[in-house]
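I wanted to find my way around a structure that was new to me.

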Number of protein chains: 2
Amino acid sequence: MQLTETRLTESHRPTLDQAIEAIRTRAYWSPHPEHPKAYGESAPTEGLAAFEALHGTRFDLDQPGTDGWTGAETSPYGPELRIEYPHPDVDVLLPAMRAAMPAWRAAGPELRALVCVEILSRISARTHEFAHAVMHTSGQAFMMAFQAGGPHAQDRGLEAVAYAYTEQTRTPTDADWSKPQGKRPPLDLRKSFTPAGRGISLLIGCNTFPTWNGYPGLFASLATGNPVLVKPHPRAVLPLALTVRVAREVLTEAGFDPNLVCLAAERPGEGIAKTLAVRPEIKVIDYTGSTAFGDWLEFNARQAQVYTEKAGVNTVVVDSTDDYRGMLSNLAFSLSLYSGQMCTTPQNLLIPRDGIETDDGPKSYDTVVTDLAASVSGLLGDDARANAVLGALVNPGVKERLEGASELGEVALATREITHPDFPDAVVRTPVIVKLDGTKPDAEAAYLAECFGPVSFAVAVDSTADALELLRRTIRDKGAMTVGAYTTSEETERAIEEICLDESAQLSLNLTGGVYVNQTAAFSDFHGSGGNPAANAALCDGAFVANRFRVVEVRRQA
Amino acid sequence: MQLTETRLTESHRPTLDQAIEAIRTRAYWSPHPEHPKAYGESAPTEGLAAFEALHGTRFDLDQPGTDGWTGAETSPYGPELRIEYPHPDVDVLLPAMRAAMPAWRAAGPELRALVCVEILSRISARTHEFAHAVMHTSGQAFMMAFQAGGPHAQDRGLEAVAYAYTEQTRTPTDADWSKPQGKRPPLDLRKSFTPAGRGISLLIGCNTFPTWNGYPGLFASLATGNPVLVKPHPRAVLPLALTVRVAREVLTEAGFDPNLVCLAAERPGEGIAKTLAVRPEIKVIDYTGSTAFGDWLEFNARQAQVYTEKAGVNTVVVDSTDDYRGMLSNLAFSLSLYSGQMCTTPQNLLIPRDGIETDDGPKSYDTVVTDLAASVSGLLGDDARANAVLGALVNPGVKERLEGASELGEVALATREITHPDFPDAVVRTPVIVKLDGTKPDAEAAYLAECFGPVSFAVAVDSTADALELLRRTIRDKGAMTVGAYTTSEETERAIEEICLDESAQLSLNLTGGVYVNQTAAFSDFHGSGGNPAANAALCDGAFVANRFRVVEVRRQA
């Protein structure tokens, strides 16, 4: 059945309008259900079967310029996926993608947006299948892979579409301009304005959140008229390959060239991202990953708009609280979720060495750390629950850092090995908490470097004032995706806010319930600020979409 | 009298609203009158007297960290201005500017916008004074200096303020977020969102349009919460020094730190822009000038958002016309205005060597060029009119290029010296038109380089198809601020449009009346596209303002 503009409008225009409105109010909204049961009774079985059916197959996308097959994904839970993906001859693929642009541009912002929403809606219908794909590439536990890799990622994609649509329609398609000339006839011009994509957009995916971190850039670029070449992380190809397949199906059905969305899988050690990033055809790049390669892209891919999310050092200031238990359990969950393998996980907990005031009386530094360790142990005491919260370590580098953490300082909480009942080869570990003296230079070398994974530092500081100074320095020099703080003092609260405003960091204050500093909600929360070294863009705002296209004006004598 | 928020709102909120509406409709609008008589009977005399009173004075701005005085402006019309400006010790000045940020941030987008509109309105009231300052630094003829340096520049400034205000208010200041949790109580958060400037913004001014090219960046940055350090071109300090003085007065009266807007005049040969551009405090840079230094800034000022307008090679395709006389007179004026010293002046006229069809019958290549030369000669035949159109050559480099042009090819129109009755030392020259064979490599070397000033090339091409191919290559490789075309063929028109959409260039079609390809109107036309090598930003759009600030979110347990 042909996807006509009428049908797409009927199906998706209300969703687009609701997304635009949610962004405006920042109230809670999502069209993508979080609960696995919402997808129908047969969805779990069918999703798993669809995922398993892919094992040992060639994932053909019918792309031009395929010169071979590659793929060696191994699930962090153990199994090899044995899926091969097309490897591109970019000298064939890129021109084919470029050739798809004019018709996509001519479609205009609304039809492009509606096609994007259709892609997201088909992905949504297959959320169970995607959840297994995300789980077995990122190591996230199933429920997290389902939610973060499914509805939350789809929300972020839809958010980008809504921003892109709004941005492109701020200028009218046509205008009559008539300038009075006193007694002489006015000067009359007829003007047209067309949002035109910049060129091919390159998405460089990450290992931990292939869809969540990939969809904003993918859909922002596609909705603004750019073909998108998806270069997944070699350990997390499947979730994005599935995405590319769905996108190509929808584009074809809607009468567009499927080469508007293509996959570039790479051979082991090929480093295709470096080659692609400096190709003259590539005009936009979205990247999530290490600071080193993010900096390389920003420096070298001068022909492109480069949007990077890199590493940061996230801080929580612990000054005082009126809900000590709530604070501990909230922090314990934040440190444990997905084994701390989130760019938003707190790393440094800054605690005054003379202790803090709480609703449960004063607590010494040692007590706070001990109580937090106990809270983490309690949360993860039951293996089934631990497996559900922690997931698996995504790669051997994380395990190495975890094992090396005990050499950095006094271990307040040691890591524990957890066995996964279904996946005996999965590497599941509880987080460590290491005590550090904030004033010692060797400690500083440890806590001022990003230690990605389930390692947190309980940093003893001389005072809250010193904590704030360290917070400012950490954001400015190392960057931060998140900042958390606990305080009952209005003055301290205001001082922390000012630091976050000065240094451009997103702040969560006194979270003690079921919202965690490492989670953000599309349509309401910004992910990163784009104003400190951790990322040069926020998800999602006007700046994230506004430079992916240019408005070309044609004016004529009227 | 104190500038209260109430008073500013009463005075300027309607103007701001009208500007926002004009941007949305792109219909003609301006609050700044173009006619000198609109400013009152005494304004011309008072404006001239105010300008002359500045000669031979120290232009004190009461800035912190002034370590000397500098200035050696000589009017392109001859007279030395003998005005000295404060030279900054940037180690003192920059921290003082930075210290002004928090209160300016706390003012919020609306009050910031209203203060900016007040600055513009005071500048508007002194338009006659500014006109003389622009005339005697840029070499523009008085009427052009008045209009382009006055109301048109003020329009572009106001346009930037309107964009900045709109962009900052897309996200609400506060939001209540409540996420349903089935039978459990919802998750409730209270969120606040604050647009926060990035840091000090550096404006690097140009010689030819100090206010017109300076105001968009200056007001975009100021309105988004950034202090602005104005580094004028050493030959065109006065118009921006006057601007800084007015801004400081208004800021003080409104209760803000005047150091939010400061001047950085430089000593001869100091190259202070290079030093300032890489200072860590500088987070935004606006630049108009040579490609070489623009590229240097983009490459080296990695800590800043860099907005550049550089050089390009502007093309007019001459395919056919149904108004031959109108085309010739329109082109003649475009080539002559301000002696071709506009970044938007056409340089290459691509004309099929077999001639073109017109309403006056077929015209050979030679005839078109001869007729165009005659049209320019007619326009500039009267010396008074020539002086009013041409202005003076802004610097010796332009004169050298003009004199060297005759060696590049056959001269179809030679330059003529004009005497200025009031300024005998002014260098006033009519433009030259040089014939070039588009297929010859040595000719290509000439016409594919920017030849800034009153030099145009009548490039003979084999066909319109070849013209279009050359147009595409010129935009892609050299950049273009403007593209013009004359054609009666719908097919050719559509082909030219597609090229401009593909390569991101602003197109004017079949202009034969009183609108010229080199002029753009704020609130309606985009100046440049930001998508080809001539400039990385357009004046003005969302992308020009969206990354000058970041939105910082603070969320609290509700």
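**Ground rules.** I worked with a predicted model, where local features need pLDDT of at least 70, side-chain atom pairs count only at pLDDT 80 or more, and totals for chains, interfaces and linings use all residues. Residues are numbered from 1 along each chain as its sequence is written, chains are lettered from A in the order in which they are written, and side-chain values use heavy atoms, without hydrogens and water.

**Symmetry.** A rotation of 180 degrees with 0.0 Å of shift along its axis does it, at RMSD 0.0 Å. That is the relation of a two-fold axis. In chain A, the C-alpha of A:A543 is nearest the axis, 3.1 Å from it.

**Salt bridges.** I searched for a side-chain nitrogen of Lys or Arg within 4 Å of a carboxyl oxygen of Asp or Glu. The whole structure has 82 of these salt bridges over all chains.

I looked up B:K231 and B:E266, whose side chains meet at 2.6 Å, N to O. B:K231 lies in strand β6 and B:E266 in the loop between β7 and α10 of chain B, so the pair ties together parts 35 residues apart in sequence. (Strands are DSSP E runs of at least two residues, helices H or I runs of at least four, numbered from the N terminus.) B:K231 is buried at 5% relative accessible area, and B:E266 is buried at 13%; buried means under 20%, with a 1.4 Å probe and protein chains only.

Key. Least-squares fit on C-alpha atoms with pLDDT ≥ 70 in both. Buried < 20%, exposed > 50% of the residue type's maximum accessible area, 1.4 Å probe, protein only.
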